[in-house]
Amino acid sequence: RVCALAVGPNGTVSSGSADGTVRVWSATDGACLRTLERGHPSPVFALAVWVDGMVFSASGLPDGSIRLWSDTDDRCLIETKVHEGQFIVSLAAGANGTLVCGASDGMILMMATSEGESGTGRILTGHTDVVRALAIGTNATLFSGSSDNTVRMWSMADGTLRNTLEGHTDAVNAVAIGVDGAVFSGSTDTTIRVWTGKDGTPLRTLQGHTGAVFCLAISADGTLFSGSSDQTVRVWCGMTGAPRHVLRGMDSTILALAFGVDGKLYAGQEKTIVVW
């Protein structure tokens with residue numbers, strides 16, 4: 001099962017799987033460039049790509065570690081457990097050298113990374129269940145989605161909670177930032193909610209999926225894509241929320257979406273990655 005996707009600055013696509021591996025793929029011909037399999041003995045739930053192309057991966061228990069991989073071979077450069085007894089479910093990489101980690105107990109950990117070393121920094125508390133999604137918006141604002149049915153807004157500068165966005169009736173599995181700064185959240189309640197990035201004011205609710213929404217992706221022109229357990233990817237106007245298309249043909253839940261630098265859409269399902 002493909003649980004996570006991330007695109008590097010050189011155009012390569014990385015995938016994290018329930019089999020514990022991370023694979024790196026060529027966007028040109030779809031060839032597998034390398035398999036990072038000497039690391040996680042547990043499912044890889046989250047990926048984040050650093051600005052230099054190196055990949056962070058996070059896995060479930062009993063491993064529960066975060067690993068940093070070389071961008072040229074299969075070497076694991078760093079292995080760390082930032083939250084003993086828990087595991088990291090979501091990751092987000094900030095431009096200022098901060099790695100943000102969403103944990104299984106509802107905590108958010110901000111790690112400062114530099115020169116091949118990592119250190120635990122600020123801990124954000126407020127969620128009461130698993131932090132399933134993270135996205136960094138404008139003005140160093142962090143958005144987190146949780147199984148407690150909320151999206152929370154945080155200041156990355158000082159860790160203060162700016163707002164709690166309520167409206168979903170089930171777990172929030174995905175959060176994405178639009179080109180205009182709007183915030184999108186996808187939920188097990190089958191809906192996508194849209195909020196202002198400035199203060200979290202609710203704008204609209206997008207309905208159409210018949211199953212849980214597990215992942216979201218935004219194209220360069222602001223188009224919103226959503227993947228669901230109903231085995232479809234839906235396409236929406238990111239500005240108005242109007243539905244545009246439904247992409248069918250998958251045979252299992254869509255757990256991960258990512259846009260390549262070449263404009264291709266990648267969708268992760270049971271054992272394959274589908275490309276449009």
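1. Basis. The model is predicted, so local features need pLDDT of at least 70 and side-chain atom pairs count only at pLDDT 80 or more, while totals for chains, interfaces and linings use all residues. Residues are numbered from 1 along each chain as its sequence is written, and side-chain values use heavy atoms, with hydrogens and water left out.

2. Largest pocket. The largest pocket holds about 1,600 Å³ of space. A pocket here is an open set of points, on a 1 Å grid over the protein atoms alone, where a 1.4 Å probe fits, with protein on both sides within 12 Å along at least five of seven lines; lining residues have an atom within 4 Å of a point. Grid points are joined across faces, edges and corners, and the volume is the space filled by probe spheres set on the points. The lining of the largest pocket has 44 residues, and L5, L47, L91, L134 and L257 lie nearest its centre. Two or more lining residues come from each of β1 (2–7), β5 (44–49), β9 (88–93), β13 (131–136), β17 (172–177), β21 (213–218) and β25 (256–259). Strands are DSSP runs (E, at least two residues), numbered from the N terminus.

3. The lining of the largest pocket divides into 37 nonpolar, five polar and two charged residues. In this count Ala, Val, Leu, Ile, Met, Phe, Trp, Tyr, Cys and Pro are nonpolar, Asp, Glu, Lys and Arg are charged, and the others, Gly among them, are polar.

4. Second largest pocket. Its volume is about 150 Å³. The second largest pocket is lined by 13 residues, with V2, S17, R23, W25 and K271 closest to its centre. At least two lining residues come from each of β2 (13–17) and β3 (22–25), and β2 gives the largest share, three residues. By class, the lining of the second largest pocket has three nonpolar, five polar and five charged residues.

5. S17. This residue belongs to strand β2 and is among those closest to the centre of the second largest pocket. S17 counts as buried at 12% relative accessibility; buried means under 20% relative accessible area, exposed over 50%, and partly exposed in between (1.4 Å probe, protein chains only). The C-alpha atoms of S17 and V2 are 4.5 Å apart in space, although 15 residues separate the two in sequence.

6. Salt bridges. The model has three salt bridges, each defined as a side-chain nitrogen of Lys or Arg within 4 Å of a carboxyl oxygen of Asp or Glu. R67 pairs with E79, with the closest N and O atoms 3.0 Å apart. This pair links distant parts of the chain, twelve residues apart, with R67 in strand β7 (residues 66–69) and E79 in strand β8 (residues 76–80). R67 is buried, at 6% relative accessible area. R75 and D73 form another salt bridge, at 2.9 Å from N to O; R75 is partly exposed at 42%, and D73 is partly exposed at 25%. D262 and K264 form a salt bridge with the closest N and O atoms 3.8 Å apart. D262 is partly exposed at 41%, as is K264 at 27%.

7. The β7–β8 hairpin. The two strands run antiparallel and are joined by four bridges; strands pair if DSSP finds at least two bridges between them. A hairpin of six residues connects β7 to β8. I66 stands opposite T80 in β8.

8. Largest nonpolar core. This core has 17 residues, of which F56, I66, I88, L91, L99 and C101 touch the most other members. A nonpolar core is a set of buried Ala, Val, Leu, Ile, Met, Phe, Trp, Tyr and Cys residues joined through side-chain atoms within 4.5 Å. The elements that give two or more residues to the core are β5, β6 (55–59), β7, β9, β10 (98–103) and β11 (108–114), and β10 gives the most, with three. L91 is also one of the residues nearest the centre of the largest pocket.

9. Backbone angles to check. A140, which is not glycine, has a positive phi near 55°. A140 sits in the loop between β13 and β14 (141–146) and is partly exposed at 39% relative accessible area. T190, also not a glycine, has a positive phi of about 80°. T190 is in the loop between β18 (183–187) and β19 (192–195) and is partly exposed at 23%.
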